[in-house]
Amino acid sequence: MIKISGLEKIYRTEEVETVALNDLSFEVKEGEFVAVMGPSGCGKSTLLNILGLLDDPDAGSFLFNGIEVAKFNERKRADMRKKNIGFVFQSFNLIDELTVFENVELPLMYAGVKKTERKARVDEVLEKVQIMHRRNHFPQQLSGGQQQRVAVARAVVNRPRLILADEPTGNLDSSNGNEVMQMLTDLNEAGTTIVMVTHSEHDARYSHRIIRMLDGHTVTENILV
Amino acid sequence: MIKNYFKTAWRSLWKNRSFTILNVLGLSVGMAATCMILLWVQQELRFDRWYKNTDRLYQVYNRDVSSGVAYTYSSTPNPMGPVLKTDYPEIEDVSRTAEGQFLIANKDRQFKPGGLFVDAGFVSMFGFQVLEGDASGLLENPGDIFITEALAGKLFGKGDAVGRLLTLNDSLSLKVAAVLKDVPAASRFRFEFLLPWATCIRLYGQYPNWTGNNVRTYVLLKPGVPAAVVGSKIKRVTAEHVPGDHTLRELTQFLHPASKWHLYSKSENGQLTDGAITKVRVFVLVALLMIIIACINFINLTTARTGRRAKEVGVRKVAGARKPLLVLQFLNESILLALLSGVIAVFLLSMGLPVFNRLIGADLKLNFGDFRLWFFFLGIILMTGAGAGLYPAFYLASFSPVKVLKGGLQNNHGSFSLRKLLVVTQFAFAIALIICTLIIKKQMRYAQDRALGYNKDQLLFSPVEGDAQKNYLLIKQALLQSGAVTTVSGTQNPITGFAPNYYGFHWEGSTERDAKSGFYLFNTDGAFTKTFGTKIIAGRDIDASRFPADSTAVLLNEKAVQLLHLKDPVGKKIWRDDMSLTIVGVVKNYVSGSPYSNTLPVMILGPHPNFSIGTLHYKLNPARPVQENIAAVTAVFKKYNPGYPFEFHFVDQEYAKKFASEEELGTLIGLFSALSIFIACLGLFGLAAYMAETRFREIGIRKVLGASASGIIGLLAKDFIVPMLIALAIASPIAWWLMHQWLQGYSYRTDIGWLVFLIAGMVVFGVALITIVSQTIRAALSNPSKALRSQ
């Protein structure tokens, strides 16, 4: 599903040049659950942004389902993103002004799904993440665990083939964290490819394979399953 | 999707209520002010353009040259109208107009309305609506009168008016031939009645002379006739009828189209290029700037709060939103805010319009039944929403999701930014308006403080009309005997009123060029200096009772003496046509006409047969209460002129009316400068509050390190003080230039000076500082541990 080779990303300011990704290459197959680990500043998040088509690389190739997307323009990236990719963030990133239902509904609206279908799909996914009873609440009325469940529901409502999770349990206690990891595992077992950036060895153990990064490139790969 | 946008927008506005209130307040005040001005502008632009034949109607103007300078004037010779109608086939109809004010009575119901003498076709030429009576609108019979519905109501109540009889000046019987719809405010014609030209002849006699300009002449061209063709044909019409008059060598006539009467009525170098259009342009600019100031608040407050909206942008982009959709969403929010503000603005407008009307003497109305008004409001709302929202929408929608979701968006303060530029713009405008207000007020005060040259204290005048004309001497005598007045002087016009300008005078040693010098003529039947308190500086006052030859005596003011360039004028002769005058004295200059004009050369004639007595000036006895004096004067007039209601005017009040136009302009500019400061300070209030909030941690750290509260306030205020200084530096030269140009319109004018700039700067600094301190003081006084805990 994902094949990157020779990926490079350099951040420049007036005084400093930081190499975030340095000749990075790896593959993720359809249906895989991959954890990316490494110390802060090793380029994990940059990688995730590029995989999520939120950012573009300075050099290298990025094939998504066999299509070269590294040089896609913003319009094509947005199109590819909304059809194929779901995101789960550490800080949930729910919109405070929208209810649980409306937050989850958002990707469907941008995808142009009709209202009746939207309602059915949002209800279904809210049911699945067991947050249906809070569907009309606003994010600030929920606990952290509940907010992350809503974020997961939003990430999967569009039935993406790939979910990118950036420290999904980083702001949660262990019990809520485990719940979220179990949800991701369930999604993966249902066929969704997952790439997760994490600092937690515990969370990484839910994955099939761990890619360890240092200074913008992979150092080791551990196959767990 | 749109519903989702509205929902998000509404919730966002509700959640950030203080931000919303600031914006709604600013936008609604700005929109109400803009609507007010635009309604007035619309009326100005409609002025004299709604007549039935506007595109074919023209007024005959004259252009002449004096001392090498071309000038224009609109009064024309009496016989010009009929000649134009008979001799020029391209002209369909002609009407002359001459103003008149008469006592019109239906038995006991007496009024003194203003009206016009007109030629027969006047009503149909302009298309004034006939409500009752002769639908053709032709006013031909000498005994007929047309009255407006307002006058009909006053004279006859609700009953029919057509066919009923009225008396004019207690002597002439007239039949109401038609009732006309009241003349809309957007017309140059102000009349409550129309009288046929034949009545004018009956009252004042024929005036076949081409050398006097005492009427206005309007022409209706035949369809398809180019005005330029007729204009060139009538170019010398006056001169052609006065052959051999070399003073008319450079006099020409031209046609001025109805669509330009109001907007282009002032002459500049012999061209009608100025007039209400200047005021319209200035106020359109003010209207635009008012709304821009309000929009700047929205832009500044929205972009200052980007941190709060950035996450939402990031999430929406991640969820698949593209930039155009996000732009639309944010625009939607600003339009919703503009809509809310628009509703409040309509309320403010309906509340404020009567006050505005009173201030500017207009008659603006909000006709909520007119769908065009709603389109106008909708247009203003959409324009404001888009104007305010476009930049923030693009700004917010352009955020990179990667940066904003990682919290990489930082507010930068201290450096130059668009926000500061916008604050500078707002305050530059406000400061410029304040400077303009101060200079207008200064000019007014300067003219008001001008030494009048006569004493208006306790000086009154009353018209001499009806039986007062024949009982004139008895009235004078009775007034003096009553003890209510100390002195009386009969004149043709009030001293504060019109003084006719005459040229063509000759004197010993005068040249041909001197014949073109104009003198303003005033007349008196005696006691001029005693009644008016003017000072004789040579010779004596006119006194026909002691000097029977004083019917041809003349007093000159110093300016007139200067124009005559006579070294020792007393005893010298001046003559013109059938007038031969002897100079008996010289008085000190006094203000005649506009208090803003240079001193005019005035000739004060004695009881000359060419000049009737139309006004009686009298000085009340200061030893007695004013009310008692007035009662005694009333009794005298009632006794000798029972047919007319007694009318009196205080000269000081009449003189004060001369400042009405500048008073109005000063009040308007003052009002809008206050509103602009209010709106700008709302923005400043929001920005200062936001700044104090975002720099809360910094303030905490500074305080821990030893900063004082005043030091913190100074630190926060500094960010705004520099833009204020820049605004003052930008506004001052612009306002100076504008006001310098404006003052050129006044011969008697003040200098601008530097004080107004200092005052304007201090006012704005003061208000801005209070606004900033009110917001920053809380942050400066807060416990620093709170700030550090929140880290």
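## Cores and salt bridges in a predicted model

Apart from neighbours within four places in sequence, Phe427(B) makes contact (heavy atoms within 4.5 Å) with Ala680(B), Cys681(B), Leu684(B), Met724(B), Ala727(B), Val764(B) and Ala768(B). A second, separate core of 54 residues includes Ile4(A), Leu164(A), Ile211(A) and Leu405(B). A nonpolar core here is a set of buried Ala, Val, Leu, Ile, Met, Phe, Trp, Tyr and Cys residues joined through side-chain atoms within 4.5 Å.

This is a predicted model, in which local features need pLDDT of at least 70 and side-chain atom pairs count only at pLDDT 80 or more, while totals for chains, interfaces and linings use all residues; side-chain values use heavy atoms, without hydrogens and water. Residues are numbered from 1 along each chain as its sequence is written, and chains are lettered from A and ligands numbered from 1 in the order in which they are written.

The largest nonpolar core has 126 residues, and the members that touch the most others are Phe283(B), Phe356(B), Phe427(B) and Phe672(B). Helix α14 of chain B, residues 418-448, gives the most to this core, with 16 residues. Helices (H or I, at least four residues) and strands (E, at least two) are DSSP runs, numbered from the N terminus.

Over all chains, the whole structure holds 37 salt bridges, each being a side-chain nitrogen of Lys or Arg within 4 Å of a carboxyl oxygen of Asp or Glu.

| Salt bridge | N to O distance |
|---|---|
| Asp93(B) and Lys85(B) | 3.0 Å |
| Lys233(B) and Glu90(B) | 2.3 Å |
| Arg372(B) and Asp370(B) | 3.0 Å |

Lys233(B) lies in helix α7 (residues 227-233) of chain B and Glu90(B) in the loop between α3 (80-87) and β3 (91-101) of chain B, so this pair ties together parts that are 143 residues apart in sequence.

The accessibility of these residues is given in three classes: buried is under 20% relative accessible area, exposed is over 50%, and partly exposed is in between (1.4 Å probe, protein chains only). Lys233(B) is partly exposed at 41%, whereas Glu90(B) is buried at 13%. In the pair of Asp93(B) and Lys85(B), Asp93(B) is buried, with a relative accessible area of 13%, and Lys85(B) is partly exposed at 43%.

In chain A, salt bridges link Lys9(A), Asp55(A), Asp56(A) and Arg77(A) in a network.
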